[in-house]
Amino acid sequence: MRYRSASIVTLMMLAAACKPTAPAVEPAAAASPAAASATASQTPAAAPAVESAFTKGMPYADLRKRLTDAGWLPLSDPMSWENVSCEALVSGALPEVESCSGDGHCVMHFANAAEGKRMRVTAYGPSDRWNTAGEEAVFAVASWDVSALEPAIASIEGAAPACPSSDFDVFLKAFAADEGIERAFTAPAVKVAELGGGEDGDDTVFVYLSAASYGDFNVKFADDAFHFIDGGGKQDPSALDLKVEAQGDDTRMVRYQYGMSEGNSYKFVRKADCWYLTEDPDPPSP
């Protein structure tokens, strides 16, 4: 059973208790200046990065909407929620929050897996009013910086792990049998569905978890079969009926149903001649 929702429920209970350019290539000698100019005009300009529109002091709500509209998601770390002060506990509406100081300085993180980027944002003010109509400006952006998403794992005992196989069925068995391979071939940011988000605290929301924070692949391959692993780490001796669905050449969905209500799915994508776990699209059982 998966228990990510427990951290969010704890968060909600705490909140209720608070008030608070590539180098130019020389044209061939025969090419005229007009032809070169026409060729250059046909090259589409790169879209400006989303952060080019950010300004210091802008409402955090505006920055957040620009990010999510551009495909960014909160980069959440459930362990950090214990360090968030009451002012930042807004019923799970801001899963990107890493920490908030007593005087209203907050740190948030976002990621864009498609671009391989993460962003650290700081803001100041009463965070509980970040999205209150007419009062959004009171929680204002102080700074932001963009960096690359870290690889899932750089090495194992000093050596980069090899891809188990380009054949997905062979790969999946190795992935589910070896924790080192699982860590190495989990994407730097895994897109997951979480319960308890939104302003009312009862929505399913999508966030990213870093590979280091993600631990919800609860399938084990042993004794020539797949098995379910419960929340306490105990392996069910019965074989698990795991279904693999191809969604094009480079995507596989892995699903299972366990018991009467437990079930989950995982999305794997082939990148650079190997497979990576990239999404956990089903919310955990309540």
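**Rings, a hairpin and a buried histidine**

Biologist: Which residue lies over the face of Phe206?

Modeller: Lys191 does, at 5.2 Å from the ring centre. A charge counts as over a ring if NZ of Lys or CZ of Arg is within 6 Å of the ring centre and within 35 degrees of the ring normal.

Biologist: What kind of model is this?

Modeller: This is a predicted model, in which local features need pLDDT of at least 70 and side-chain atom pairs count only at pLDDT 80 or more, while totals for chains, interfaces and linings use all residues. Residues are numbered from 1 along each chain as its sequence is written, and side-chain values use heavy atoms, with hydrogens and water left out.

Biologist: How many helices and strands does the protein have?

Modeller: Five helices and 13 strands. They are DSSP runs numbered from the N terminus: helices are H or I with at least four residues, strands are E with at least two.

Biologist: What percentage of the residues count as buried?

Modeller: 41% of the 286 residues. Buried means under 20% relative accessible area, exposed over 50%, and partly exposed in between (1.4 Å probe, protein chains only).

Biologist: Change of topic. How many aromatic pairs does the structure hold?

Modeller: It holds 17. Rings of Phe, Tyr and Trp (its six-membered ring) pair if their centres lie within 6.5 Å; planes under 30 degrees apart are stacked, over 60 edge-to-face, and the rest tilted. One of the pairs is Phe54 with Trp144, edge-to-face at 5.6 Å centre to centre and 85 degrees between the planes.

Biologist: Where do Phe54 and Trp144 lie?

Modeller: Phe54 is in the loop between helix 2 and helix 3, and Trp144 is in strand 5, so the pair ties together parts that are 90 residues apart in sequence. Phe54 is buried at 5% relative accessibility, whereas Trp144 is partly exposed at 27%. Phe175 and Phe217 also form an edge-to-face pair, 5.0 Å centre to centre with 85 degrees between the planes.

Biologist: Which parts of the chain does that pair of Phe175 and Phe217 link?

Modeller: Phe175 belongs to helix 4 and Phe217 to the loop between strand 7 and strand 8, 42 residues apart. Phe175 is buried at 0% relative accessibility, and Phe217 is buried at 7%. Both belong to a cluster linked by ring pairs, whose members include Phe168, Phe171, Tyr266 and Trp275.

Biologist: Which residues of helix 4 are buried?

Modeller: Phe168, Phe171, Leu172, Ala174, Phe175 and Ala176.

Biologist: And which residue caps the N-terminal end of helix 4?

Modeller: Asp167, with a side-chain oxygen 3.1 Å from the backbone nitrogen of Asp169. That is a polar contact, meaning N or O atoms within 3.5 Å; within protein, one must be able to donate a hydrogen and the other to accept it, and residues adjacent in sequence count only if both atoms are side-chain atoms.

Biologist: Now His227. Buried or exposed?

Modeller: His227 is buried, with a relative accessible area of 4%. His227 sits in strand 9, and its side chain reaches the backbone oxygen of Ser238 at 3.1 Å.

Biologist: How do strand 12 and strand 13 run?

Modeller: They run antiparallel, joined by five bridges. Strands pair if DSSP finds at least two bridges between them. The two form a hairpin with two residues between them, and Ala272 in the turn has a positive phi of about 50 degrees. Lys267 stands opposite Glu279, and six of the seven residues of strand 13 are buried.
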